[in-house]
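Subject: Structure for you, with notes on the aromatic rings

Hi,

Here is the structure I said I would pass on. Have a look at it first, and my notes come after.

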Amino acid sequence: MILRPPPPPPPSPVEVLARRLASLLHKPCLLSLLAPDPPLLSSLYALLPLDSILSILQQTHTASLRHRRLPAHEIVWLVVACSLFRDRSIPLVWRHIHPSSENTIPTDAAFSLARRRLGALPMKLLFERTCLPLAPANMAGAFHGPWLLVALDGSVFEAPDTPANRRALGSASNQHGEGAFPQVRLAALCEVGTHAITDVEIGPYNCSEQELGLRVLARLAAGRLVLMDRGLSYFELIDTVLKRNSHVLARVKVSRALPVERVLPDGSYLSTIYPSYNERRAARGGIAVRVIRYSHDDPSRDGCGEETVLITTVLEVEALSASQAVALYPWRWEEESVFSEIKETMLQNKQPLLRSKSPALVVQEIYGMLIGHYVMRREMSEAARMAGAEVVRLSFKRSLEVMEDRMKEPAGEKWLAGLRREISQQKLRPKRLRRYPRAKKATRSRWPNKKPRAKPPPQPTKPFSDVVRILLN
């Protein structure tokens, strides 16, 4: 007797949802399956496609397998939206995403549990798949010759002061005690022509920028010219860049030993750097570099008459002359502008900058923040390309405000084109020649420092109305 083969296993709910979404992609009813209020969600998923999110959730086994009020794919966008709407609490961000919902807002604990179910890994994978280089070939200001200009730098973000964050992240300290908030350190690789962060490494406060930067450079793509500051221009990092078939342009200390081996026609000279003092004495294991020493004689600028030293692994003068290197290096400061866009514009300089109270959710939030910034920068790049303008001459703050307003509209066929057209009009005024030297306005606070283990002051025991006394003349 021949038996029929067993029936195939039924598809998982995620597969069913993915098939239905694939058949409805780019149709107005796409989001009607997911939420009762499609206008804002449809614009969110137009910026960050839902099929990409579902694929990552299925890969990481974090997709919602049953109907929830807080499904995993919407929590992904909630994490991203929390950085775009930093002035709102997480429940109010959810309410902003679901403006027409008649149901009550889930509790704070429900949001925390949903974010813990999601974890940090899906956000990390989404960042890696979404945040790719934006600059097209030969884009003005993004390339020098065959090399894409990128900058490597680090920054520190404050997290809420909870015992878990304090133990896992650490904080700055001095002779007076620990800092007010735990801090997380990150090293980021930024495309200077578009301000897009394309790679990042996250670590606790006591992890050095050099260590984090080395991990980032170990993943560096070929054909990059990496701009580095003095704090990152170490032998190991430069050697890693060369092994990735890329080059370095970095500033170094004036006192660094860089003996002249051969003077070149443009005024630079060849030298060699070594991993250690003993290696230098033995003249082994070194890297050949070009050294450019320069100064300026404008008394209205900082550093008049002071010497600055650059080194580069581009040894051919024809490929990168000394004057071109001096002109290119200030582009490294574009990454400082990127951190300013994130901290001052997106996160509004709130203290602490982040809002997550556990280390895993801190990492999740950082990836969501970087994805939100990248999505904004991607749309600004497309808008600049359509208008024939420089993307760095568009206002990030005003473009973000335009996106916030436009996200309230249903995302039809013309929605994205209209968004980019309006963003392309948010141009900055031409830069003026000006300088603002570093200065510290206040050296001390008149308020006493709050010690972590200080005894709390006496607390009131009666209402104010019971203790107030009117003074008679």
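Below is what turned up, going from the whole chain down to single side chains.

Keep in mind that this is a predicted model. The protein chain runs to 473 residues, and 45% of them count as buried. It has 17 helices and 12 strands. If you take the contacts with a separation of 6 or more, 64% are between residues 24 or more positions apart. The accessible surface is about 26500 Å², with 54% of that belonging to carbon and sulfur atoms.

Now the rings. How many aromatic pairs are there? The count is 2. One is W94 with F111, an edge-to-face pair with the centres 5.8 Å apart and 65 degrees between the planes. W94 sits in helix α5 (residues 90–97) and F111 in helix α6 (residues 108–118), 17 residues apart. Both W94 and F111 are buried.

Then there is F127 with Y367: their ring centres are 5.7 Å apart, and the planes are at 50 degrees, so this pair counts as tilted. Here the partners are 240 residues apart in the chain, with F127 in helix α7 (residues 121–130) and Y367 in helix α14 (residues 359–387). F127 is buried at a relative accessible area of 2%, and Y367 is buried too, at 6%.

R185 has its charged end over the ring of Y205, 4.7 Å from the centre. R332 lies over the face of W333, 4.3 Å from the ring centre.

Cheers

Conventions
Residues are numbered from 1 along each chain as its sequence is written. This is a predicted model: local features need pLDDT of at least 70, side-chain atom pairs count only at pLDDT 80 or more; totals for chains, interfaces and linings use all residues. Side-chain values use heavy atoms; hydrogens and water are left out. Helices (H or I, at least four residues) and strands (E, at least two) are DSSP runs, numbered from the N terminus. Buried means under 20% relative accessible area, exposed over 50%, partly exposed in between (1.4 Å probe, protein chains only). Contact means heavy atoms within 4.5 Å. Accessible areas come from the Shrake-Rupley method with a 1.4 Å probe; for residues, only the protein chains shown count as cover. Rings of Phe, Tyr and Trp (its six-membered ring) pair if their centres lie within 6.5 Å; planes under 30 degrees apart count as stacked, over 60 as edge-to-face and the rest as tilted. A charge sits over a ring if NZ of Lys or CZ of Arg is within 6 Å of the ring centre and within 35 degrees of the ring normal.
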